[in-house]
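Hi,

Here is the structure I said I would pass on. Have a look at it first, then read my notes below.

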Amino acid sequence: MYVCICHGVTEKDIKKAAKQGAQSLHDVKQMTGASSGCGSCADVALDILIESKQQTTPDFLQVIQPKLSIQTTA
Ligand code: FES
C-alpha cells in the first residue's frame with residue numbers, strides 16, 4: 001500500500017526503514033523520502049513506524065530494554 005504519494009513510498013518501505021534502525025519520523029523521512037513533500041502522509045508514516053517498532057522487539061526483551069522513545073518532531 002502506498003503511504004506517500006509524493007515520493008512513492010510504501011508501507012513495506014517504512015517497515016524496512018524501521019528494521020534498519022529508524023527511530024523517528026525524521027529518520028523515516030531521511031531513509032525513504034516519506035513526509036518530505038506535502039507532509040500529508042506524516043501521521044500514517046509515524047503510525048507504521050511505531051507499530052513496526054512494537055512488533056520487532058520480543059516481549060521478553062522489553063523486560064531488559066527501556067521502552068522505545070519515538071520522536072514525533074521532524
Ligand atoms: S504524500 Fe508524503 S509527502 Fe506528500
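What follows is a short tour of what turned up in the structure.

Two housekeeping points first. This is a predicted model, so local features need a pLDDT of at least 70 and side-chain atom pairs count only at pLDDT 80 or more, while totals for chains, interfaces and linings use all residues. Residues are numbered from 1 along each chain as its sequence is written.

Let's begin with the overall layout. The chain has four helices and two strands, and from the N terminus on they run β-β-α-α-α-α. Helices here are DSSP runs of H or I with at least four residues, strands are runs of E with at least two, and both are numbered from the N terminus. Of the 74 residues, 24% count as buried. Buried means that 20 or more other C-beta atoms lie within 10 Å of the residue's own; exposed means 12 or fewer, partly exposed is in between, and the C-beta atoms are placed from the backbone. As for contacts (C-beta atoms, placed from the backbone, within 7 Å), 51% of those with a separation of 6 or more are between residues 24 or more positions apart.

Now the inside. In soluble globular proteins, nonpolar side chains tend to be buried together. A nonpolar core here is a set of buried Ala, Val, Leu, Ile, Met, Phe, Trp, Tyr and Cys residues joined through C-beta atoms within 7 Å. The largest one has 14 residues, and those touching the most other members are Val-3, Cys-4, Ile-14, Val-28, Ala-34, Ala-45 and Leu-49. At least two residues of this core come from each of β1 (2–4), α1 (11–19), α2 and α3.

How do α1 and α2 pack? Their axes are 10 Å apart, at an angle of about 115° (axes are lines fitted to C-alpha atoms, for helices over the stretch in contact, and angles run from 0 to 180 degrees between N-to-C directions). The two helices are therefore roughly perpendicular; that label covers 65 to 115 degrees, with under 35 being roughly parallel, over 145 roughly antiparallel and the rest oblique. On the α1 side the contact uses Asp-13, Ile-14 and Ala-17, and on the α2 side Asp-27, Val-28, Met-31 and Thr-32.

Next, the loop between α2 (25–32) and α3 (42–56), where Gly-33 sits. Gly-33 is partly exposed, because 15 other C-beta atoms lie within 10 Å. Leaving aside neighbours within four places in sequence, Gly-33 contacts His-7 and Val-9. Gly-33 and Val-9 are 24 residues apart along the chain, yet their C-alpha atoms are separated by 7.3 Å.

Ser-35 lies in that loop between α2 and α3 too. Is Ser-35 buried or exposed? It is buried, because 25 other C-beta atoms lie within 10 Å. Ser-35 also has a positive phi of about 70°, although it is not a glycine.

Cys-38 is in the loop between α2 and α3 as well, but Cys-38 is exposed, with 11 other C-beta atoms within 10 Å. From Cys-38 to Cys-4 is 34 residues in sequence and 9.3 Å in space, C-alpha to C-alpha.

Happy exploring!

How values were computed. Two residues are in contact if their C-beta atoms, placed from the backbone, lie within 7 Å.
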